[in-house]
Amino acid sequence: MDWDAFFTVHKDLPREGPGAPEDVAWACAPAEVPEDAAICDAGSGPGGDVAALLSVAPRGHVVAVDLHFGEAADARLANEPRARGVSADFTALEALPEAPFDLIWCAGALYFLGLEEGPSRLGRALKPAGVLAFSEPCRFVEAPSPEAGAIFGGYPLRDAEQIVAMVETQGFTVLGHRRVPDAGWEAYFQPLEARIAALRPGADAPLAAMLDQCAQEAAAWRAHRAEVGYLLVVARRT
Ligand SMILES: C[S@@+](CC[C@H](N)C(=O)[O-])C[C@H]1O[C@@H](n2cnc3c(N)ncnc32)[C@H](O)[C@@H]1O
């Protein structure tokens, strides 16, 4: 991976994975998030979900946690007194001063821990009966094609039933689940494609290769979205 080229393409994009405000609203309805909730956006990337999270808890606050919480993300939260961003490892959320949380939101990031231990690991920072909402790579057909499987780089793809069962063995009751809608994927890919178009003229060889790779990522999802995608899961700690 050419990290310079990667960051040139991804720098300051509004999101770093699929998702939309409607997903937050959908997940928070069964979660019955308190008005003054303590909320963590774990693996927040640039904080694209923070505004939607704040809106479900009008007197609550959000801490956005990412290994690399960037300057642009900081600037975005600068005028928001109910939110802050921090560069930290989300495997230790319980060490944050805002913990324990009523809600941990984790869009397109729990797979870094793996489904075998991700929910229980993040769940340590939840209040009793707190809620974890996360999106997880999922297969929508029995046997996705190799091209579809490659979208998640060989990550083990399970169906919705298997995902629910694995979450429930880790001390949760699943309140609901649904596919992340196409609009959420487009909210990620369309700004990425605009960036690709802007950078294409004059790109050197490493950057051109990265632009091709990112364009291929979008094309692969559009071609195979009936086979694989993200499942959004809402689970209450029991
Ligand atoms: C695919 S991006 C999704 C970002 C964001 N949730 C979104 O939807 O735009 C995954 C993010 O998880 C972060 N991440 C991965 N492992 C992490 C860890 N152990 N602690 C904190 N953040 C982590 C990465 O830095 C990256 O920004």
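Me: Which loop holds P100?

Reply: P100 lies in the loop between β3 (83-87) and β4 (101-106). Helices (H or I, at least four residues) and strands (E, at least two) are DSSP runs, numbered from the N terminus. A cis peptide bond joins A99 and P100, with omega at about 0 degrees.

Me: What should I know about the model itself?

Reply: This is a predicted model, where local features need pLDDT of at least 70, side-chain atom pairs count only at pLDDT 80 or more, and totals for chains, interfaces and linings use all residues. Residues are numbered from 1 along each chain as its sequence is written, and side-chain values use heavy atoms, with hydrogens and water left out.

Me: How many aromatic pairs are there?

Reply: First, the rule. Rings of Phe, Tyr and Trp (its six-membered ring) pair if their centres lie within 6.5 Å. Planes under 30 degrees apart are stacked, over 60 edge-to-face, and the rest tilted. This rule gives 12 aromatic pairs. Take Y188 and F189: their ring centres are 4.9 Å apart and their planes stand at 40 degrees, so this pair is tilted. One aromatic cluster is formed by F152, W185, Y188, F189, W221 and Y230.

Me: Are Y188 and F189 buried or exposed?

Reply: Relative accessible area decides. Buried means under 20%, exposed over 50%, and partly exposed in between (1.4 Å probe, protein chains only). Y188 and F189 are both buried.

Me: Which charged end sits over the ring of F140?

Reply: The test uses NZ of Lys or CZ of Arg: within 6 Å of the ring centre and within 35 degrees of the ring normal. The charged end of R179 sits over the F140 ring, 3.8 Å from its centre. Likewise, R225 lies over the face of W221, at 5.4 Å from the ring centre.

Me: At what angle do α1 and α8 pack?

Reply: Two packed helices are described by the angle between their axes and the distance between the axes. Axes are lines fitted to C-alpha atoms, for helices over the stretch in contact, and angles run from 0 to 180 degrees between N-to-C directions. Here α1 (residues 3-10) and α8 (residues 182-199) pack at about 115 degrees, with axes 9 Å apart. That makes α1 roughly perpendicular to α8. The classes: under 35 degrees is roughly parallel, over 145 roughly antiparallel, 65 to 115 roughly perpendicular, and the rest oblique.

Me: Which residues of α1 and α8 meet?

Reply: Contact means heavy atoms within 4.5 Å. From α1 come T8, V9 and H10; from α8 come Y188, L192, R195 and L199.

Me: What does E186 touch?

Reply: E186 is in helix α8. It counts as buried, at 18% relative accessibility. Leaving out residues up to four places away in sequence, E186 touches P191, W221, R222 and R225.

Me: Where is A226?

Reply: A226 lies in the loop between α9 (205-224) and β7 (228-237). A226 is exposed, with a relative accessible area of 52%. It touches F140, V141 and R179, again not counting residues up to four places away in sequence. A226 and R139 are 87 residues apart along the chain, and their C-alpha atoms are separated by 8.8 Å.

Me: What is the phi of E32?

Reply: E32 is not a glycine, yet its phi is positive, about 50 degrees. E32 lies in the loop between α2 (21-31) and β1 (38-42). It is exposed, with a relative accessible area of 62%. A129 is another non-glycine with a positive phi, about 70 degrees. A129 belongs to strand β5 (residues 126-139), and at 42% relative accessibility it counts as partly exposed.
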